[in-house]
Amino acid sequence: MARLVMKFGGTSVGSVERIKSAARKVKREVDAGNEVAVVVSAMSGETNRLVDLVSAVSNIHDAREYDVVVSSGEQVTVGLLSLALQELGISARSWLGWQVPVKTSNVHSAARIEEIQCAEIISRFRENQVAVCAGFQGIGSDKRITTLGRGGSDTSAVAFAAALEADRCDIYTDVDGIYTADPRIATKASKLDKITYEEMLELASLGAKVLQTRSVEMAMKYRVKLQVLSSFEDLPGTLVVDEEDIVEHQVVSGVTYTRDEAKITLQQVADKPGIAALVFGTLADAHVNVDMIVQNVSENGKATDLTFTVGRKQVDQALNVLEKLKDKLDCKAIVPDPNVVKVSIVGMGMRSHAGVAQTMFSALAEKGINIQVISTSEIKVSVLLAEEYTELAVRTLHTAFGLDAT
């Protein structure tokens with residue numbers, strides 16, 4: 001007998017028929033003798049509809065009431081899935097965030113889970129009852145409903161698995177696992193049997209949409225074994241595990257990309273101490289997140305170009321901040337470029353193999369793709385390219401590192 005957490009995302013519970021299909025998957029685990037807690041999202045499109053309702057009523061809204069509205073989608077799903085399980089002869093009960101309770105910080109719409117008190121759920125396991133829990137939501141110290149932000153149901157599922165000391169957390173979604181690249185671009189991409197927490201965290205933060213970054217961070221912290229698998233096909237998934245659970249590491253495990261970046265260049269900035277601190281300190285104070293940074297060598301020690309990337313949605317905010325600093329920076333021009341893409345390679349094998357960056361740069365050069373900015377860590381290399389080269393770059397690197405499926 002194992003203790004499992006099964007998480008179903010919005011597309012997996014997007015209709016009554018899909019809810020019934022999810023119930024059958026839960027029944028299969030119960031019939032095998034396992035203790036099961038289920039975490040669900042709102043039905044696909046429902047959270048967007050609720051957000052639009054809030055915006056229609058109030059452009060500048062109270063975040064506490066926003067959470068009351070947008071959390072209601074999960075209440076519908078847990079009730080329907082519990083009913084579907086009961087129709088199959090399975091004892092099941094729904095649990096909202098405040099009922100468990102899932103205790104969180106008071107930062108509404110972006111709360112952090114602090115504690116999940118699972119004693120009552122565990123006692124129901126002894127009665128062979130399935131707990132159907134609402135993802136995405138919790139309760140703050142002020143007794144108000146909170147939500148965890150977009151993708152928060154993944155985080156809820158991992159948190160429940162950690163609190164319940166579950167043997168595994170299965171994430172059911174609209175893909176059947178984690179691939180070496182986006183199969184819509186790299187048609188020879190293959191599904192990975194296993195991937196490390198560290199690699200998955202890098203992939204998630206660099207554009208892979210399969211798992212939410214915070215959920216992977218939590219899984220790594222509490223050593224929750226994750227499995228990503230399809231809601232629609234009975235196929236083996238991908239396990240996210242400790243490095244020690246993988247015998248042989250490929251040099252590169254995956255290629256990913258994100259179009260959510262924009263480049264900003266400060267031309268001919270004064271080359272003197274404190275300029276970088278002023279630029280990035282002021283941007284940080286304005287809550288603008290900066291990613292990649294490169295500074296050119298100055299001419300005669302007088303002026304230099306400073307280039308960095310921010311999220312596309314924050315470009316206007318960043319430009320407003322920088323315009324106010326222009327005189328202090330003695331800057332010739334501020335040049336934004338939203339038509340860029342960040343392409344990355346990720347792999348634990350990079351730690352013990354030399355020449356990975358050289359292989360990457362040579363492969364791109366052979367295709368005539370110019371690299372604008374480079375960023376590295378122990379297990380990843382990211383490059384900023386013109387957006388028009390996205391597909392070509394991904395396919396080229398996928399082939400260069402031997403990831404094409406035979």
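1. A quick word on terms to start: a residue is buried under 20% relative accessible area, exposed over 50% and partly exposed in between, with a 1.4 Å probe and protein chains only. At 18% relative accessibility, Phe280 therefore counts as buried, and Phe308, at 1%, counts as buried too.

2. Please keep in mind that this is a predicted model, where local features need pLDDT of at least 70, side-chain atom pairs count only at pLDDT 80 or more, and totals for chains, interfaces and linings use all residues. Residues are numbered from 1 along each chain as its sequence is written, and side-chain values use heavy atoms, leaving out hydrogens and water.

3. Searching the whole structure gives two aromatic pairs (rings of Phe, Tyr and Trp, the last by its six-membered ring, with centres within 6.5 Å; planes under 30 degrees apart are stacked, over 60 edge-to-face, the rest tilted). In one, the ring centres of Phe8 and Tyr172 are 4.8 Å apart and the planes are at 15°, so this pair is stacked. Phe8 sits in strand β1 (residues 3-8) and Tyr172 in strand β9 (residues 168-173), so the pair links distant parts of the chain, 164 residues apart (helices are DSSP runs of H or I with at least four residues, strands runs of E with at least two, numbered from the N terminus). Both Phe8 and Tyr172 are buried.

4. Now to Phe280 and Phe308: their ring centres are 5.2 Å apart with planes at 80°, so the pair is edge-to-face. Phe280 belongs to helix α9 (residues 275-285) and Phe308 to strand β16 (residues 303-311), so the pair ties together parts 28 residues apart in sequence.
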